[in-house]
Amino acid sequence: MAIDRLPQKPLDLNPDYLKVRLRRAQCFEHEDRLEEALEDYQKVFDADRSSHVAREALMRLPEQIRVKHEKMKEEMIGKLKDLGNVFLRPFGLSTDNFNLQQDPNSGGYSVNFQK
């Protein structure tokens, strides 16, 4: 189901229209818009604690979002390494000559050169 086909008007008129919000959350999830889906599922669950669909999604989606972000981070680092190699190659270097270490406290990185 395409999200563009889902009517927004009912939610504009009544933000507490749970059936439409739940359906929109399912559409967001289907289209891999997990953060938006999680937000809608949370609103459904807050309004109706008996919604098993929303409860299950709230338990499942945070891990999927974490995995998605990790994959995006790895992809971005790979692209940055490729770009770095373009500039380092004329000097006989590569990004493999540099060691990145993440500080567990701050989340920042330090770069060390190695031959």
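Guide: Here is a short tour, from the overall fold to single residues.

Guide: This is a predicted model, where local features need pLDDT of at least 70, side-chain atom pairs count only at pLDDT 80 or more, and totals for chains, interfaces and linings use all residues. Residues are numbered from 1 along each chain as its sequence is written, and side-chain values use heavy atoms, with hydrogens and water left out.

Visitor: How many helices and strands are in the protein?

Guide: Four helices and two strands. Both are DSSP runs, numbered from the N terminus: helices are H or I with at least four residues, strands are E with at least two. The order along the sequence is α-α-α-α-β-β.

Visitor: What is the radius of gyration of the protein?

Guide: 22 Å, whereas a compact globule of 115 residues would be near 13 Å. The radius is taken over C-alpha atoms, and the globule rule is 2.2 Å times the number of residues to the power 0.38. The C-alpha trace spans about 60 × 30 × 20 Å along its principal axes.

Visitor: What share of the residues is buried?

Guide: 25% of the 115 residues. Buried means under 20% relative accessible area, exposed over 50%, partly exposed in between (1.4 Å probe, protein chains only).

Visitor: Now the strands. In which sense do strand 1 and strand 2 pair?

Guide: Antiparallel, over five bridges. Pairing requires that DSSP finds at least two bridges between two strands. Strand 1 covers residues 98–102 and strand 2 covers 109–113. Q102 stands opposite Y109 in strand 2.

Visitor: And what do strand 1 and strand 2 form?

Guide: A hairpin, with six residues between the strands. In the turn, G107 has a positive phi of about 85 degrees.

Visitor: Which residue other than glycine has a positive phi?

Guide: D32 is one, with phi near 65 degrees. Most residues other than glycine have a negative phi. D32 is in the loop between helix 2 (18–30) and helix 3 (34–47).

Visitor: Why does D32 count as partly exposed?

Guide: Because its relative accessibility is 44%.

Visitor: Switching to T95. Where is T95 found?

Guide: In the loop between helix 4 (52–88) and strand 1. T95 counts as buried because its relative accessibility is 14%.

Visitor: Which residues does T95 touch?

Guide: K81, G84, N85 and L88, leaving out residues up to four places away in sequence. Contact means heavy atoms within 4.5 Å.
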